[in-house]
Amino acid sequence: DEILTETRHQAVLATLEAWRNDPSKPKEGLAALQRMALAGPSPQHFDWFATAATAREPRRSAVLQTFSEFSPHRRSELLKLSSQVRDAHAKPRAKSADGALK
């Protein structure tokens with residue numbers, strides 16, 4: 001859980017950095033990412049309840065709460081960008097003949 005929580009938070013930070021440098025990104029999306037980043041690592045939590053008799057609402061992480069505020073189109077864009085960031089970090093970097101990373 002701790003590794004997943006930290007990974008999600010790092011994805012938020014990486015996405016925030018990318019969005020800050022892209023003037024085409026929506027201001028409301030940037031504001032939401034800033035709120036998520038300021039909230040810090042937040043473990044996902046799901047309250048599964050079997051009956052409608054439960055009076056309280058399920059608690060959700062700050063990331064999920066903010067993510068749910070986006071339109072479906074914005075969520076799709078954010079997921080695509082997050083995947084691109086993840087993929088870029090996952091690819092091994094090539095080395096030149098002298099051993100330095102390219």
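Me: What pattern does the protein follow along the sequence?
Reply: Read along the sequence, the pattern is α-α-α-α, where helices are DSSP runs of H or I with at least four residues, numbered from the N terminus. This is a predicted model, in which local features need pLDDT of at least 70 and side-chain atom pairs count only at pLDDT 80 or more, while totals for chains, interfaces and linings use all residues. Residues are numbered from 1 along each chain as its sequence is written, and side-chain values use heavy atoms, with hydrogens and water left out.

Me: Which residues of α4 are buried?
Reply: Leu78, Leu81 and Val85. Buried means under 20% relative accessible area, exposed over 50%, and partly exposed in between (1.4 Å probe, protein chains only).

Me: Why are they on the same side of α4?
Reply: Because they cover an arc of only 65° around the axis, the arc being that of the directions from the helix axis to the C-beta atoms.

Me: And what does the face turned away carry?
Reply: That face of α4 has the exposed residues Pro72, His73, Lys80, Arg86 and Ala90.

Me: Switching topic: how many residues make up the largest nonpolar core?
Reply: Eleven, among them Trp19, Met36, Phe67 and Leu78. Such a core is a set of buried Ala, Val, Leu, Ile, Met, Phe, Trp, Tyr and Cys residues joined through side-chain atoms within 4.5 Å.

Me: Which helix gives the largest share of this core?
Reply: α2, with four residues.

Terms used:
Helices (H or I, at least four residues) and strands (E, at least two) are DSSP runs, numbered from the N terminus.
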